[in-house]
Amino acid sequence: MTTNKPLSGPAAIAALPRNRLIGEFSLWSADLANMERDLKRIETHVDVHHIDVADARFTPGFLFFPDLVARIAKLTAKPIHVHLMVEAEIVEEQTRQFIEAGADLISVHAENGETGLRAVKVARELGAEAGVVLRLETPVAAVTPFLPEVAFMTLLGTSIGVKGQSLSEQACPRLIEARALMRKAGREADIVLAADGGIRHETVPLLRAAGAETVVLGSLAFGDSDLARRMAWLHGLEVAA
């Protein structure tokens with residue numbers, strides 16, 4: 001299966017739906033030995049693929065590499081969002097490598113500081129879109145320097161890089177705080193606010209009510225035998241007035 005993308009980079013991200021929750025699927029939860037099969041299964045349901053990259057220093061363990069992303073990019077028409085969980089010293093080079101592999105959106109950590117801001121500029125210079133991610137323990141205000149430059153802001157609701165954790169009680173208040181910062185910066189309509197970690201059937205409505213525009217689905221999507229019903233439920237969730 002080889003699929004041509006109708007849109008790529010900033011155009012693909014700008015075309016994501018904003019009138020319902022975006023379906024963002026974490027390929028960390030796919031069957032890695034049968035990736036092509038899983039990609040075929042989800043293609044009609046997913047809005048954007050989420051791929052975590054970890055260097056075993058910024059976060060525990062190693063995750064995903066450019067060659068795999070290049071292969072995935074040939075198998076889907078949907079945009080690819082690469083989340084770089086890496087140390088500042090390599091974030092610019094990793095940004096280049098994953099864009100060359102086919103990433104449409106690169107999200108870097110606010111904790112990477114000035115180097116992260118440079119990586120955002122690199123992403124945009126290379127024709128991709130850029131985002132910022134925040135660890136749970138980092139104050140939300142740390143995203144402020146990134147707000148003029150990014151199209152995605154992702155807040156982690158669990159400790160970084162570990163599957164299966166419960167959602168922090170701080171996750172929803174942090175989303176509300178992040179939206180207030182976006183509004184203050186005049187960029188609320190331009191930035192997609194995302195929640196990642198602790199995504200369960202009972203937590204998604206809470207995150208949506210707190211202002212999340214996408215949640216990163218793992219087992220909630222890949223473990224559901226009726227994905228069409230799951231996505232209809234997801235799309236029907238309303239944000240709080």
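A: Buried means under 20% relative accessible area. The model discussed here is predicted.

Q: Which residues of helix H2 are buried?

A: Helix H2 covers residues 35–42, and its buried residues are Met35, Asp38, Leu39 and Ile42.

Q: Where do the buried residues of H2 fall when seen down the axis of the helix?

A: They fall within an arc of 100 degrees, so they line one face of H2.

Q: What do the buried residues of H2 pack against?

A: They pack against two strands, E1 (22–26) and E2 (48–55). They also pack against helix H3 (66–73), helix H8 (219–222) and helix H9 (227–236).

Q: Which residues are buried in H3?

A: In H3 the buried residues are Pro66, Val69, Ile72 and Ala73. Seen down the axis of H3, these residues lie within an arc of 115 degrees, so they line one face of the helix. The buried residues of H3 pack against H2, E2, strand E4 (80–85) and H4.

Q: How are two packed helices described?

A: The description uses the angle between their axes and the distance between the axes. Here, helix H4 (residues 88–101) packs with H5 at an angle of about 15 degrees, and their axes are 8 Å apart. Angles under 35 degrees count as roughly parallel, so H4 is roughly parallel to H5.

Q: What is the handedness of the crossing of H4 and H5?

A: The crossing of H4 and H5 is right-handed. From H4, the contact is made by Ala88, Val91, Glu92, Thr95, Arg96 and Ile99. From H5, Thr115, Gly116, Arg118, Ala119, Val122 and Ala123 take part.

Q: How many residues of each class does the contact of H4 with H5 have?

A: By class, there are six nonpolar, three polar and three charged residues.

Q: Is Thr115 buried or exposed?

A: Thr115 is found in helix H5, which covers residues 113–125. The cut-off for buried is under 20%, and Thr115 counts as buried because its relative accessibility is 16%.

Q: Which residues is Thr115 in contact with, leaving aside its neighbours within four places in sequence?

A: Thr115 is in contact with Ala88, Val91 and Glu92.

Q: How is the accessibility of Ala209 read?

A: Partly exposed residues lie between the buried cut-off, under 20%, and the exposed cut-off, over 50%. Ala209 has a relative accessible area of 37%, so Ala209 is partly exposed. Ala209 lies in helix H7 (residues 204–209).

Q: How many residues apart in sequence are Ala209 and Val239?

A: They are 30 residues apart in sequence, and in space they are 4.4 Å apart, C-alpha to C-alpha.

Conventions:
Residues are numbered from 1 along each chain as its sequence is written. This is a predicted model: local features need pLDDT of at least 70, side-chain atom pairs count only at pLDDT 80 or more; totals for chains, interfaces and linings use all residues. Side-chain values use heavy atoms; hydrogens and water are left out. Helices (H or I, at least four residues) and strands (E, at least two) are DSSP runs, numbered from the N terminus. Buried means under 20% relative accessible area, exposed over 50%, partly exposed in between (1.4 Å probe, protein chains only). Contact means heavy atoms within 4.5 Å. Axes are lines fitted to C-alpha atoms, for helices over the stretch in contact, and angles run from 0 to 180 degrees between N-to-C directions. Angles under 35 degrees count as roughly parallel, over 145 as roughly antiparallel, 65 to 115 as roughly perpendicular and the rest as oblique. A crossing is left-handed if the near helix is turned anticlockwise from the far one by less than a right angle, and right-handed if clockwise. Ala, Val, Leu, Ile, Met, Phe, Trp, Tyr, Cys and Pro count as nonpolar, Asp, Glu, Lys and Arg as charged, and the others, Gly among them, as polar. The arc is that of the directions from the helix axis to the C-beta atoms.
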